Amino acid sequence: MTERVGVVGGGIVGIALARLLTGRGDDVTIFEKESHLAQHQTGHNSGVVHAGLYYKPGSLKATLCASGRVKIREFCEEKRLPYREVGKLVVAVDASELAALAEIERRSIENRVPDLARIDDIVRLREIEPHTAGVAAVHSPRTAAVDYSTITEAMAQDVRAAGGRILLSHEVTGMAEENGRVRVTTPVFDDVFDRVIVCAGLHSDAVARFVGADPAPKILPFRGEYWEMTPESASLVRGMIYPVPDPRFPFLGVHFTRGVYDAVHVGPNAVPALSREGYRWLRISARDTWESLSWPGAWPLAKQHWRMGVDEISGSLIKPLYYRKARRFLPELKISDLSHRAAAGVRAQAWGRAGELIDDFAVDQVGAVTLLRNAPSPAATSSIAIAEYVAEHYLAPTPRSRLHRR
Ligand SMILES: Cc1cc2nc3c(=O)[nH]c(=O)nc-3n(C[C@H](O)[C@H](O)[C@H](O)COP(=O)(O)OP(=O)(O)OC[C@H]3O[C@@H](n4cnc5c(N)ncnc54)[C@H](O)[C@@H]3O)c2cc1C
């Protein structure tokens, strides 16, 4: 039987889900509050198709990133969209980083990252990235660069072609249960659906409140700022060069990324944003800031990570500090090589009540509403696989009540 399905959010995850559901014959309506698709995380990211190096083996991130990478590559091939396997090197700059590098290598092997190689030989390191400095590295040649906005638009074309409706400039302002179905309200629209799926990124906790879902996890927005390298200095970087990440944080550390259109970006850092859509320091929302500060988990989080916070904020405000971090593994880099700030992104990272990081993808079910509560990186890479996972586990013809978090 054809189901009437509402999807809240026109980022890559919402559109991938809508594409799958229209493909199986459902009657799908997408609500997106902006006037274009992919205006938030999907259109403001590093454009990396991750190969699955970092994620806890067995987690949703690990499994859906691995299958999602292949599906995104096939989708790009089918639609003739650019997909460049520029490869990625994770570099240990000194001996103190070797243990963390070994853990990444171990996870990568368990996650079956294709063609992964450990590099202990400086000559080999320099063959891959001639200008980098380090004592060891892991190399993932299958890590690729794409344009997630273009991919989302191509998926949306499939949705429209299959009869799906995409309602832009339609912010969902309310949802209510009605005889086992769901009434969705926007300022200009009101209708009832058999089921609704919420993929609202930075607003996923706020939209979850409409249906009385648990306020946890809470989204605390973290801005990631980039610098673009001058075209002359971009030749210092062939593919992607990453530091060994600090295992205590969910973010990967400032890295160099050669994008699908050849520009090289440095970043992103991770600074607390003062608004859910705080793309600049001066974009402040009193409401969002108050919500973040009054979240019980915010204080243990701040207490635990204040040093890192001060460091990231200083680097955001003072270019030489940002530059110093980047130069650690690219010693020839000059400060003038960082030509201008590129568009920043804001990450929707979910945290628990005690300030604990919700690391894995997380989904809640409330009646006929399925809520994606945590879809941070690598959710763009994993988007098609996330859609398949959600459809299989949560969108069976008879709604099941289920909560899945790892
Ligand atoms: C700086 C940065 C770098 C990243 N780098 C990578 C990377 O290299 N590779 C990777 O795989 N991932 C990366 N990510 C993560 C990736 O971008 C996200 O995981 C992914 O885009 C999430 O997609 P989404 O559709 O869930 O969210 P979004 O793209 O944020 O979409 C959510 C949509 O919901 C809409 N919405 C919200 N509330 C409402 C409402 N009430 N009514 C209607 N619409 C609403 C929003 O307007 C938005 O368009 C990065 C993220 C950031 C911020």
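1. Phe75 is found in helix 2, which spans residues 60-79. The model under review is a predicted one. With a relative accessible area of 2%, Phe75 falls under the 20% limit and is therefore classed as buried.

2. As to the ligand, its shell holds 39 residues, of which Glu32, Thr42, Val48, Ala375 and Thr381 come nearest. By class, the shell comprises 17 nonpolar, 17 polar and 5 charged residues.

3. Oxygen atoms of the ligand take part in several polar pairings. A polar backbone atom of Ala375 lies 2.8 Å from one such oxygen. For Val13, a polar backbone atom is 3.1 Å from a ligand oxygen, and for Gln41 a polar side-chain atom is 3.1 Å from a ligand oxygen. On its own the ligand has 1000 Å² of accessible area, and the protein covers 97% of that.

4. Helix 1 (12-23), strand 18 (338-351) and helix 10 (379-394) are the elements that give two or more residues to the shell. At the level of domains, the ligand lies between domain 1 (4-46 + 149-217 + 358-394) and domain 2 (84-144 + 220-351), because both give residues to the shell around it.

Terms used: Residues are numbered from 1 along each chain as its sequence is written. This is a predicted model: local features need pLDDT of at least 70, side-chain atom pairs count only at pLDDT 80 or more; totals for chains, interfaces and linings use all residues. Side-chain values use heavy atoms; hydrogens and water are left out. A residue is near a molecule or strand if one of its heavy atoms lies within 4 Å of it. A polar contact is a pair of N or O atoms within 3.5 Å; within protein, one must be able to donate a hydrogen and the other to accept it, and residues adjacent in sequence count only if both atoms are side-chain atoms. Accessible areas come from the Shrake-Rupley method with a 1.4 Å probe; for residues, only the protein chains shown count as cover. Helices (H or I, at least four residues) and strands (E, at least two) are DSSP runs, numbered from the N terminus. Ala, Val, Leu, Ile, Met, Phe, Trp, Tyr, Cys and Pro count as nonpolar, Asp, Glu, Lys and Arg as charged, and the others, Gly among them, as polar. Domain bounds come from an automatic or database domain assignment. Buried means under 20% relative accessible area, exposed over 50%, partly exposed in between (1.4 Å probe, protein chains only).
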